[in-house]
Amino acid sequence: MIARIATSALLAPVVIGLVWWHFIATTVLIVAVAAFTSFEISRLVAGNQSIGQRLLAPIGAALLVLVPAVSANERWWLGALIGAVVLIGGPGWPVGIVAKLFSKSNQRFADWALIASAGGYSGALLCLVVVLRMGPNGIRWTLFALLVTWAYDSAAFAAGRTLGHHAFMAHISPRKTWEGVAGGTIASILVTAAFFPILPFEGWQVVPLGLLLSAAAQTGDLVASMLKRDAGVKDSGTVIPGHGGILDRVDAFLFVVPCVLVVASLIG
């Protein structure tokens, strides 16, 4: 518990500072997060494969995040590079689907698909952070997505730990409770209300938006819990003291960002 609070206190200002500072700093941060997250997912779904083969996931995820960051005239080479990595791989690096034609494994396509999906999952969702940051009021919308996610996670954890008695989706995550869901939802609504003066949504939209984002955060958390439960592990990794892996910290954010992007696109 103490390690979790201390780590959050150290990491949150760094992330906020990078998002506030510059678009490039945000992009570099998201590239790193996408790469680490996808590598953790590849370990969970395809841990029987070598590290060299599982590198397809982080490389693919990082390249996907870069797509919206480069100009339209430069995307052709990035698309060609993604295609080369996904389809072919590289010399001595048989990770592409074409390279799998020369493998004698009985799980050739499945092996490739598992790793490719690990990269696609985190890369495709996290590239939307770059799109959000580039748009109108991009800094504010991005910080809103971050803070509402953190608020949900923290409040759900605290409420579930102190007040939780009624199980919620126990077949996926035995520790989740309805009390935790309620605490996280209230926190999401409060953060949404706090952003009301600086973002262009109306007062009547605060509660519906808070409910939408809390549902998105909970769904993302459950998807990650399902993945970890299928893999038979508690945490996705050990990179962050008190939290586990990178996926353990961004699972809810992966689903919050698309919702915030849609809202920002509709509202401005």
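Me: Why is Asn137 called partly exposed?
Reply: Asn137 has a relative accessibility of 34%. Buried means under 20% and exposed means over 50%, with partly exposed in between. The value of 34% falls in between, so Asn137 counts as partly exposed. This is a predicted model.

Me: Where is Asn137, and what is its phi?
Reply: Asn137 is in the loop between H6 and helix H7 (138-163). Its phi is positive, about 55 degrees, although Asn137 is not a glycine. Most residues other than glycine have a negative phi.

Me: Which phi does Met169 have, and where does this residue lie?
Reply: Met169 has a positive phi of about 55 degrees, and it is not a glycine either. It sits in the loop between H7 and helix H8 (178-195).

Me: Why does Met169 count as partly exposed?
Reply: Its relative accessibility is 32%.

Me: What makes Phe102 exposed?
Reply: The relative accessibility of Phe102 is 71%. Exposed means over 50%, so Phe102 qualifies. Phe102 lies in the loop between helix H5 (75-88) and helix H6 (108-134).

Me: Which residues form the nonpolar patch on the surface?
Reply: Leu87, Ile88, Val98, Leu101 and Phe102 form it. Together they have about 560 Å² of accessible area.

Me: What makes such a group a patch?
Reply: Each member needs over 30% relative accessible area and no salt bridge, and nonpolar side chains are joined within 5 Å.

Me: Why is the pair Arg249 and Asp153 called a salt bridge?
Reply: The closest N and O atoms are 3.9 Å apart. The cut-off is within 4 Å, so the pair counts as a salt bridge.

Me: What parts of the chain does the pair of Arg249 and Asp153 link?
Reply: It links distant parts. Arg249 is in helix H10 (residues 246-267) and Asp153 is in helix H7, 96 residues apart.

Me: How do you know whether Arg249 and Asp153 are buried or exposed?
Reply: Arg249 has a relative accessible area of 16%. Asp153 stands at 9%. Buried means under 20%, so both residues are buried.

Me: What makes Asp221 and Lys176 a salt bridge?
Reply: Their side chains meet at 2.5 Å, N to O. The cut-off is within 4 Å, so the pair qualifies.

Me: Which parts of the chain does the pair of Asp221 and Lys176 tie together?
Reply: Asp221 lies in helix H9 (residues 206-231), and Lys176 lies in the loop between H7 and H8. The pair therefore ties together parts that are 45 residues apart in sequence. Both Asp221 and Lys176 are buried.

Me: How do you know that Asp248 and Lys228 form a salt bridge?
Reply: The N to O distance between their side chains is 2.6 Å. That is within 4 Å, so the pair is a salt bridge. The pair links distant parts of the chain: Asp248 in helix H10 and Lys228 in helix H9, 20 residues apart. Asp248 and Lys228 are buried.

Me: Why is Val45 called partly exposed?
Reply: Val45 has a relative accessible area of 29%. This falls between 20% and 50%, so the residue is partly exposed. Val45 is found in helix H2 (residues 23-46).

Me: What is Val45 in contact with, leaving aside neighbours within four places in sequence?
Reply: Val45 is in contact with Leu114 and Leu227. Val45 and Asp111 are 66 residues apart in sequence and 9.3 Å apart in space, C-alpha to C-alpha.

Me: How do you know that the radius of gyration agrees with a compact globule?
Reply: With 268 residues, a compact globule would have a radius of gyration near 18 Å. The protein has 19 Å, which agrees. The C-alpha trace spans about 60 × 45 × 30 Å along its principal axes. Buried residues make up 48% of the 268 residues.

Me: How many helices and strands does the protein have?
Reply: It has 10 helices and zero strands.

Conventions
Residues numbered from 1 in each chain as written. Predicted model: local features only at pLDDT ≥ 70, side-chain atom pairs only at ≥ 80, totals over all residues. Heavy atoms only, no water. Patch = residues over 30% accessible without salt bridge, like charges linked within 9 Å, V, L, I, M, F, W, Y side chains within 5 Å. Areas by Shrake-Rupley, 256 points an atom, 1.4 Å probe, with all protein chains shown as cover. Helix = DSSP H or I, 4+ residues; strand = E, 2+ residues; numbered from the N terminus. Buried < 20%, exposed > 50% of the residue type's maximum accessible area, 1.4 Å probe, protein only. Rg over C-alpha atoms; globule rule 2.2 N^0.38 Å. Contact = heavy atoms within 4.5 Å.
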